[in-house]
Structure formats: C-alpha cells, structure tokens
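Hi,

Here is the structure I promised to hand over.

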Amino acid sequence: MKSYVIFDLDGTLLNTIEDLGHAVNYALRSTGHPEHSIPAYQAMVGNGVRRLIERALPPEARSTTEVDRILGFFREYYDEHCCDFTKPYPGIPELLADLTARGLNLAVTSNKYQAAVTKIINHYFPDAAWRAVLGNVEGVPRKPDPSIVFAALNACPTPKAQVLYVGDSGVDMETARRACVESVGVTWGFRPPSELRNAYADHVITDPDEIVTIILE
C-alpha cells in the first residue's frame, strides 16, 4: 500500500493550458513576436516556463537575452491571470479529498516557478493534505532530474516502496524512474498515452479513481 502520493501539476491536477497560452501570447505580442493558437501550447509545455518560451519563439530569436526579456512579460501577466481559465480535471477534487480522508500524505512537484505553484494550489486545493508544494527554484534542476522528488521526500520521509508519482508526460515518467519510485501516467493531460508507455510508465490510467486502486494494491 502507498502512503505518499506525489503529483505533477499542469496536465495532471489542473488543465492550465489556456492561462499559460494567453500569458505566452501576451509576452510574444508585447515583444513583437508571432503568437500561437492555445491548443498549440500543449506540445510546448512540460519543462518549465523558460523552455516553454524558447519553444514558442522563432528559432532565430531564442537567445538568452530575448528569452529573459519575454519571461518578464510572461510573469507580469501570469502572476495576475494564472487562475482565469485554469480548472481541475474531472474527478481530481474528489480524489484529493478521498486521499486526504484516508490519511495519505500528498505533494506537488512542478517545473512551474514556485510563486505560481503556491498561488495555484492555495486557490484550487487548499484543504488537501499537502506535505510539500514544490515548484522550480533557482539552482535546482528541473524534471526529469529527480531532485524535486527528493525534496518532497525530505519534507515527508517515506520508504520509496510506499511512494507513488503521478504525472501526464514522459518527463514525469522519467522523473519517477530516476527517483526509483512507482509511476502513474494519466491520459487526460497534455500528452498522448503512447508517450507515457514509451517512457516506461508503471501504470497508465484514464480515470482518477484508478489511483485509489493502485494505492491499495
């Protein structure tokens, strides 16, 4: 049985793509670059905001200086609008309430910057049994490096055999593999099931209720 469930955020707990897309488009528009359709951003997310901006820019504009400039506009917009259109996936609020009622410990580990992760979790899921709410901070490598999972384990020491990592991308499955914890890939997020299987997900699920079954095995 598992006692600690570590979740990815974007594409796993919350559909954040519309707010992310509007924020990047605002930053691109403000700096004279072409914008993208909101659905196009599903293929760009997963490795943090800086990488998202790099992918959104034309190849010839991806200098460090330009990315830094655009990142400033992105954060200006996203800090104020990160909860405009974002919403939990169906069944996620009920899942978190169920896991909390069962006495499980929960964590979030995201490649999104820390201030946004904190604001979003406090807004949507303030009553869940969080032991760690972790975003990207300067000096700590992004997933798939497992450092953020180790930080979650430091916050709530748990044998790895009792840990479950839940995410929606190959990056998440690779993170779990490098951290030596069991992984669950969810198909309702931003990536196709084939990516999860190709990244050696231990489980691939289509409904949040399946997480409870895995936990109780």
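Axes here are lines fitted to C-alpha atoms, for helices over the stretch in contact, and angles run from 0 to 180 degrees between N-to-C directions. The crossing of H3 with H5 is left-handed, a term used if the near helix is turned anticlockwise from the far one by less than a right angle, with right-handed used if clockwise.

From H3, Arg75, Tyr78, Asp79 and Glu80 meet Ala115, Ala116, Lys119 and Ile120 of H5; contact means heavy atoms within 4.5 Å. By class, this contact has 4 nonpolar, no polar and 4 charged residues (Ala, Val, Leu, Ile, Met, Phe, Trp, Tyr, Cys and Pro count as nonpolar, Asp, Glu, Lys and Arg as charged, and the others, Gly among them, as polar).

Before going on, some bookkeeping. This is a predicted model, where local features need pLDDT of at least 70, side-chain atom pairs count only at pLDDT 80 or more, and totals for chains, interfaces and linings use all residues. Residues are numbered from 1 along each chain as its sequence is written, and side-chain values use heavy atoms, with hydrogens and water left out. Helices (H or I, at least four residues) and strands (E, at least two) are DSSP runs, numbered from the N terminus.

H3 (residues 64-81) also packs on H2 (residues 49-56), at an angle of about 110° and with the axes 10 Å apart. H2 and H3 are therefore roughly perpendicular to each other, and their crossing is right-handed. On the H2 side, Val49, Arg50, Ile53 and Glu54 take part, meeting Thr64, Val67, Asp68, Ile70, Leu71 and Phe74 in H3. The classes for H2 with H3 come out as 6 nonpolar, 1 polar and 3 charged residues.

What is buried in H3? The list is Glu66, Val67, Ile70, Leu71, Phe74, Tyr77 and Tyr78, where buried means under 20% relative accessible area, exposed over 50% and partly exposed in between (1.4 Å probe, protein chains only). Those buried residues pack against helix H1 (17-30), H2, strand E4 (105-113) and helix H5 (114-124).

H1 is largely enclosed by the rest of the structure, because 10 of its 14 residues are buried. Among them are Ile17, Asp19, Leu20 and Tyr26, and the cover over the buried residues of H1 includes strand E2 (14-15), H2, H3 and E4. Just after H1, Gly32 has a positive phi of about 80°.

Most residues other than glycine have a negative phi, and most peptide bonds are trans. Cys180 has a phi near 65°; it sits in the loop between helix H7 (170-179) and strand E7 (182-186) and counts as exposed at 56% relative accessibility. Tyr200 also has a positive phi, of about 65°, in the loop between helix H8 (193-198) and strand E8 (203-205), and counts as exposed at 64% relative accessibility. Finally, the peptide bond joining Lys143 and Pro144 is cis, with omega about 20°, and Pro144 lies in the loop between strand E5 (130-136) and helix H6 (147-155).

Cheers

Methods. Parallel < 35°, antiparallel > 145°, perpendicular 65-115°, else oblique.
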